[in-house]
Amino acid sequence: MPHYRIFSLSLFLFLVLANCNPDEPAPEKEENPCNEPAAPPPAELNLLSCHRSISRDSVATESALLGVWDWEYISCFWKTEKANGEDYKCLSIEFKADHTLIVKESGKITQTARWKIFRGDPEFFLIKTEPLVPQVVGRIMFCKDVLEFNDSYVDGCDNYFRKGK
């Protein structure tokens with residue numbers, strides 16, 4: 001019986017080593033933005049300053065929302081343990097001109113809703129969705145290709161998105 005084990009082990013090692021080529025490059029990892037760690041959100045004051053530098057009415061705000069936005073980060077003042085890049089990793093939201101939106105996670109549709117913006121205060125617009133889409137609750141702030149739904153002013157969480165390509 002011991003000869004059988006030695007022979008089996010030798011055969012196994014031979015097969016493993018025969019299939020191993022040290023000169024062969026390792027297979028490349030598939031490009032997947034979901035594997036990338038999320039960047040921290042842009043500094044709040046910089047985003048607010050940038051947002052304030054561009055005057056938008058309701059039509060311009062709606063127009064700026066149109067398209068696909070990829071979720072990047074959540075920041076919660078009262079629940080700092082929720083501030084991370086994992087909660088909605090691989091989530092994207094597409095705002096359509098017909099006032100519908102599509103929420104996708106890893107490319108699969110997880111929710112559809114109707115949306116409408118309204119004036120929340122003299123400076124900011126808010127969005128209402130039916131049914132509720134929790135990632136888009138709060139004041140709408142834009143700066144270049146960054147979109148924030150700022151709900152921390154009422155002790156909620158801020159969700160940051162980047163314009164999709």
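## The hairpin and its neighbours

Strand 7 (146–150) and strand 8 (157–163) form a hairpin with six residues between them. In the turn, Asp155 has a positive phi of about 70°. Leu147 stands opposite Phe161 of strand 8. Strands here are DSSP runs of E with at least two residues, helices are runs of H or I with at least four, and both are numbered from the N terminus. Two strands pair if DSSP finds at least two bridges between them.

Strand 8 also pairs with strand 1, antiparallel, through seven bridges. There, Ser75 stands opposite Asp158 in strand 8.

## Basis of the model

The model is predicted: local features need pLDDT of at least 70, side-chain atom pairs count only at pLDDT 80 or more, and totals for chains, interfaces and linings use all residues. Residues are numbered from 1 along each chain as its sequence is written, and side-chain values use heavy atoms, with hydrogens and water left out.

## Sheet and chain

The chain has three helices and eight strands. Along the sequence the pattern is α-α-α-β-β-β-β-β-β-β-β. The eight strands form an open sheet with antiparallel pairing, in the order 5-4-3-2-1-8-7-6. Strand 5 (125–130) and strand 6 (139–143) are the edges; each has a single partner strand, so one side of each lacks a neighbour in the sheet. Neighbouring strands are turned by 30° against each other on average, direction ignored. Axes are lines fitted to C-alpha atoms, for helices over the stretch in contact, and angles run from 0 to 180 degrees between N-to-C directions.

Strand 4 (residues 108–119) pairs with strand 5 over six antiparallel bridges. Phe118 stands opposite Leu126 in strand 5.

## Helix 3

Helix 3 (residues 58–65) lies across several strands, including strand 1, strand 2 and strand 8. The helix runs at about 165° to strand 4. At its start, a side-chain oxygen of Asp57 reaches to within 3.2 Å of the backbone nitrogen of Val59. Such polar contacts are pairs of N or O atoms within 3.5 Å; within protein, one must be able to donate a hydrogen and the other to accept it, and residues adjacent in sequence count only if both atoms are side-chain atoms. Just after the helix, Gly67 takes a positive phi of about 115°.

## Thr129

Buried means under 20% relative accessible area, exposed over 50%, partly exposed in between (1.4 Å probe, protein chains only).

A polar atom of the Thr129 side chain lies 3.0 Å from the backbone oxygen of Pro131. The backbone nitrogen of Val133 lies 2.9 Å from a polar atom of that side chain. Beyond four places in sequence, Thr129 touches Leu101, Ala113, Arg114, Trp115 and Val136; contact means heavy atoms within 4.5 Å.

## Aromatic cluster

The structure holds five aromatic pairs. Phe95 and Trp115 have ring centres 5.3 Å apart and planes at 85°, so this pair is edge-to-face. Phe95 in strand 2 and Trp115 in strand 4 are 20 residues apart. Rings of Phe, Tyr and Trp (its six-membered ring) pair if their centres lie within 6.5 Å; planes under 30 degrees apart count as stacked, over 60 as edge-to-face and the rest as tilted.

Phe95 is buried at 2% relative accessible area, and Trp115 is buried at 3%. Ring pairs link Phe95, Trp115, Phe149 and Phe161 into a cluster.
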